[in-house]
Amino acid sequence: MTSLNRRVAVCAIGVALAVTATACSSSKKGGGNSNQSGSASNSGTGALNTTKGGTLYYLTKRPVEHWDPQRTYIGRDLADASRLFYRTLTQLKPDNTLVPDLATDTGKASDGNKTWTFTLKSGPKWQDGSPVTCADIKYGVSRTFAVNTITGGPNYAIQFLDIPSKPDGSSQYEGPYTKKGQALYDKAVTCSGSTITFHLKKPVGDFNYAVSGALSAFAPFKASQDKAAQSNYQIFSDGPYMLQGTWQEGKGGTFVRNPQYDASTDTPGIRLALPDKIVWTEGLTDETIFDRLLKDQGTDQFAVTDRSAPPAYQVRVAAEKSRVTNPDTPFVDYLLPNFKKLTNPLVRQALAVAVDKTSWITAYGGPALAKPANSIILPTVTGYKDFGNVFGAPDSGDPAKAKALLQQAGVPTPYPIHFTYNGGTPTTDAEASSMKQAWEKAGFKVTLEGLTDTYYDVIQNPSNNQKYDVTWAGWGADWPNASTVVPPLFDSRVNLSTSSNGQDYGWYASNTTNSAIDAAYNEQDTSKRNAMWGDLSETLAKDVAYIPLDIEKFLRLHGSKVTNYGENAASNGYPAIGQIGVSG
C-alpha cells in the first residue's frame, strides 16, 4: 500500500524530554507495529473504554484521493474505511491476526491453494437495509478490471484470478462497464447462494489476506449504486457509519451512525464504533493542526490527526507525555527512475550511487527519526533479504563513482533530470534540496517539483510519463509478506492501463522479473518461496527499478478527551479509529 505523506517523529530526544524509554524501541509485527509510547497509547490488545457517544474530530492536511473501495490504496484511508463503512470477507485484528468479517470463517482453500471459497453471514446489510450478497462481492471485485475507469487501487484481482490475458499482458476481461470477456470472469468468480468461490491462475497460500480490509479491493459494491469514476466519494456503507450528506473534496465530511449496522454480525473488537459522529476536516496545515492540539481547547480536546509534528514542534509535542505517541511506520521510502526516459542502465546506476541517504535523513531530522534502507522490503516482513547496498556505495553516496558511470554511459553532462516529490512542507522541500545537491555533485542537473495537493494520482497519470525522470514514493506491505511488495510494484502485467500505471510509478517492465514472480508464486515450499521474494528484491535493486531511502517513525498528538487512543499494525500506524472514543 502507498503511504500518504511524509512523516516526522522523535526518539533520541525522548530521554531528554522524559518521553518513555519504550518510545525509542521497535516492536514491529507484520506489515506494521503496535504503538509503543505514552501512557495514552493502546494497541487494541488491552482493556478498552467502551463508552459510546460524543463527536470525534479528525484533523488532516492531505485530502482523501479515493473512498471508492476498489480505488483506495493509501494506508490511512484503507485503515479508516475498513473500520467505518466498508466491510470485507475477512479482517485484521489490531495485532494483524486474520478473522472473519462478512464471511463465516477465513476461507477454505483447495486445489493446491488455487481455489478459495467463502460463505457469507446472513445478517450484514447495506445502509438502505438490503442484504450484502454474494453478487455484491462478485460485482465489487469485477470493477478492478475496468482499469481505464477504476484507477489507483491494487490489482491483485487481475493478477490472481484465472482469466486469460491479451498478448500485451492485460486481462481479456475489461470490467462490468463494457462486459468484454464477462463469461471469463463468471467462470473465475462464481456464486452459489451465499457462497463465493475464487478460481486462481496460480497458488496463493495467503489469498484470504487479499480479501481482507487490508486492501478493500475485494469489498462488495452494490451495482445499483455504481456511477463508475463518479463513485469516488459516494460512500454506500455496510459498516457502522455512513456519510452524512456529501463528501467535499479538499474539505472533508461527517460520518454518522448507520442504523442498518448490526454489531452482532461483526467480529468483537474490530469495530467498537464508539463516537456518535466523526467530523473529518481536510486542508489544514500541519502547523495549524499542532497549534490546536497543543492548546487542547474546545472541540480540539476530542481531536486526532494522521499528521506528524513539524520539526519546529517536536520538543513541545514530545513534552506532552500523556498525549504523544511515537509508532514505527510500516513504510519504506524510495525513489523510482522513469524507465520510459532513463533507458540507459548506467545513468540509473549513477543516480543510485550518488544518492546521499545521510543528508536526506539529516534534512528530515537526523538519525533518530529515520534509518537508511537498502531494500524495498521492511526487515520485519517475511521475505526480507539483507543484501546491503548493491553498488557498494556508502550511505552518504559516492559522487566520484557516479560521475565515472555517467562518463561510461556516454551521455552529455551535466545530465538533466526532473525530480518530483510529495512536497509542500519545509521538511520535504529540505530533503529534496539535499537530494539535488548530492546528484549535482555527481554530474546531474536537477529540476525539483514538489506536488502540494494530491500526489499519487498525479504520478500515476500516463500523461506525465515523459515529464518525471525520478519520483519519490512510500510503500508498506499489504499484509506481512513480501508477496505484497514485489508483485504489485514490479509485475508489469498488472500495471497495464491507458489511464494509470498502477503502483509502478517508474514504468518498469521486465519479462524476466514477471517470470520470476510466477515462479515464486508457484513454489509450494514456504521457505523457498520467501527466499525467492528476497532474491527478487535484490535483482530489482541492481536493475535500479527502485532506489531505497529510509524507514521512519511518526510523532503524533491527540486531544486530552480522546479515549483508547493508539496506533497498531492493522491501522497501518495511523490512529486506530475502530477503537477510539471520546469522553466528557
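This briefing describes the overall build of one protein chain and then some of its residues and one helix. The model is predicted. The protein chain has 584 residues, and 62% of them count as buried. Its secondary structure comes to 16 helices and 23 strands. With a radius of gyration of 23 Å, close to the 25 Å given by the globule rule for 584 residues, the chain is as compact as a globular protein of that length.

**Whole chain**

- Taken along the principal axes, the box filled by the C-alpha atoms is roughly 65 × 60 × 40 Å.
- Among contacts in the protein chain with a separation of 6 or more, 75% are between residues 24 or more positions apart.
- The chain exposes about 19700 Å², and 50% of that area is supplied by carbon and sulfur atoms.
- There are 55 positive and 54 negative side chains in the protein chain. The centres of these two sets lie 1 Å apart.

**Helix α2**

- Helix α2 spans residues 75-84 and is mostly covered, with 10 of its 10 residues buried.
- The buried residues of α2 include the charged side chains of Arg76, Asp77, Asp80 and Arg83.
- Gly75, Leu78, Ala79, Ala81, Ser82 and Leu84 are also buried in α2.
- The cover over the buried residues of α2 includes the strands β3 (55-59), β4 (90-92) and β10 (241-248). It also includes β11, β12 and β15 (328-337).

**Two arginines**

- Arg323 is placed in the loop between α8 (314-319) and β14 (324-325).
- Its relative accessible area is 6%, which is under the 20% cut-off, so Arg323 counts as buried.
- A polar atom of the Arg323 side chain lies 2.8 Å from the backbone oxygen of His558.
- Arg292 lies in helix α7, which covers residues 286-295.
- Arg292 has a relative accessible area of 28%; this falls between the cut-offs of 20% and 50%, so the residue is partly exposed.
- Leaving aside residues up to four places away in sequence, Arg292 touches Leu59, Leu284, Gln297 and Asp300.
- Thr305 is 13 residues from Arg292 along the chain, and the C-alpha atoms of the two are separated by 11 Å.

**Backbone features in loops**

- Most residues other than glycine have a negative phi, and most peptide bonds are trans.
- Asp111 has a phi near 50°, a positive value in a residue other than glycine.
- The loop that holds Asp111 runs between β6 (108-110) and β7 (115-119).
- Asp111 counts as exposed because its relative accessibility is 54%, over the 50% cut-off.
- Ala273 also has a positive phi, near 50°, and is a residue other than glycine.
- Ala273 is found in the loop between β11 (252-257) and β12 (277-281).
- Ala273 counts as buried because its relative accessibility is 7%, under the 20% cut-off.
- The peptide bond from Thr413 to Pro414 is cis, and its omega is near 0°.
- Pro414 is located in the loop between α11 (399-409) and β17 (415-422).

Notes
Residues are numbered from 1 along each chain as its sequence is written. This is a predicted model: local features need pLDDT of at least 70, side-chain atom pairs count only at pLDDT 80 or more; totals for chains, interfaces and linings use all residues. Side-chain values use heavy atoms; hydrogens and water are left out. Helices (H or I, at least four residues) and strands (E, at least two) are DSSP runs, numbered from the N terminus. Buried means under 20% relative accessible area, exposed over 50%, partly exposed in between (1.4 Å probe, protein chains only). A polar contact is a pair of N or O atoms within 3.5 Å; within protein, one must be able to donate a hydrogen and the other to accept it, and residues adjacent in sequence count only if both atoms are side-chain atoms. The radius of gyration is taken over C-alpha atoms; the globule rule is 2.2 Å times the number of residues to the power 0.38. Contact means heavy atoms within 4.5 Å. Accessible areas come from the Shrake-Rupley method with a 1.4 Å probe; for residues, only the protein chains shown count as cover. The place of a charge is taken as NZ of Lys, CZ of Arg, CG of Asp or CD of Glu.
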